[in-house]
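Take a look at the sequence and the fold below. Then read on, step by step.

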Amino acid sequence: PGQWHAPPLRTLRLALQRGGWRSDFTGAHLPWAAILNPVASRRPRLVLLSARSSEAFLSPDFLELAHSCKRSGITLAIGGAWARGGGRARGLYLRFRSLRSFVRWIRHEARSSASAIAEIKRA
C-alpha cells in the first residue's frame, strides 16, 4: 500500500520469465488483503514486493501476510530503496539490495531445487 512504482516489479517479472519461471503481476499500490487473497488461492513459491519506504511494512496486515507465507512455505522477498539493509529480517522475509543480488539468489534457488528433484527421482 502507498507504493505506486510498478516498473521495478515488472522488471523482476521479466527477469523471472527469462529464467523459465511462471509469474503473475498483481499491480502496484495494493492493499495487503489484495495480496493475501491471491497468495492464499494460488500458493506461489515466491512473493516479491518492492518498496521505497518502510511505512507499509509497519502494518499488522503486512505481518499477517509474512506469517501466512512462512506457514505455507512461501518465500517472501522485498526489494527497492527500503530493502537496502539486506539480509533476512525476523526470519519472515528476505530483503535484496539490488536486482543483481536477487538474480544471484534466484539462480541458486533454481539450481538447489533442480538438484533436490534429481535426488528424489534417483531414490
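The walk below goes from the overall fold to the cores, the rings and the charged side chains.

This is a predicted model: local features need pLDDT of at least 70, side-chain atom pairs count only at pLDDT 80 or more, and totals for chains, interfaces and linings use all residues. Residues are numbered from 1 along each chain as its sequence is written, and side-chain values use heavy atoms, with hydrogens and water left out.

Start with the overall fold. The chain has four helices and four strands. Helices (H or I, at least four residues) and strands (E, at least two) are DSSP runs, numbered from the N terminus. Along the sequence, the pattern is α-α-β-α-β-β-β-α.

Now consider contacts, meaning heavy atoms within 4.5 Å. Take those in the chain with a separation of 6 or more: 58% of them come from residues 24 or more positions apart.

Next comes the surface. The chain exposes about 7900 Å², and carbon and sulfur atoms supply 53% of that area. Accessible areas come from the Shrake-Rupley method with a 1.4 Å probe; for residues, only the protein chains shown count as cover. Of the 123 residues in the chain, 37% are buried. Buried means under 20% relative accessible area, exposed means over 50%, and partly exposed lies in between (1.4 Å probe, protein chains only).

What sits inside? In soluble globular proteins, nonpolar side chains tend to be buried together. A nonpolar core is a set of buried Ala, Val, Leu, Ile, Met, Phe, Trp, Tyr and Cys residues joined through side-chain atoms within 4.5 Å. The largest one here has 21 residues. Within this core, W32, L49, F57, F62, L65, L76 and I78 touch the most other members. At least two core residues come from each of α2 (32–42), β1 (46–50), α3 (60–72) and β2 (75–79). Another core, of 11 residues, lies apart from it; L9, L94, F102 and V103 are among its members.

Turn to the aromatic rings. A pair of aromatic rings is described by the distance of the centres and the angle of the planes. Rings of Phe, Tyr and Trp (its six-membered ring) pair if their centres lie within 6.5 Å; planes under 30 degrees apart count as stacked, over 60 as edge-to-face and the rest as tilted. The whole structure holds seven aromatic pairs. F57 and F62 have ring centres 4.8 Å apart and planes at 90°, so their pair is edge-to-face. F57 is buried at 6% relative accessible area, and F62 is buried at 0%. The rings of F102 and W105 are tilted, because their centres are 6.0 Å apart and their planes stand at 35°. F102 and W105 lie three residues apart in helix α4 (residues 99–122), about one turn of the helix. Both F102 and W105 are buried. Ring pairs also link W32, F57, F62 and Y93 into a cluster.

Which side chains meet in a salt bridge? They are those of D24 and R42, at 3.5 Å, N to O. A salt bridge is a side-chain nitrogen of Lys or Arg within 4 Å of a carboxyl oxygen of Asp or Glu. The structure holds one. D24 is in the loop between α1 (7–18) and α2, R42 is in helix α2, and the two are 18 residues apart. D24 is partly exposed, at 49% relative accessibility.

Finish at R43, in the loop between α2 and β1. Leaving out residues up to four places away in sequence, R43 touches P38, S72 and I74. R43 and S72 are 29 residues apart in sequence, but 7.8 Å apart in space, C-alpha to C-alpha.
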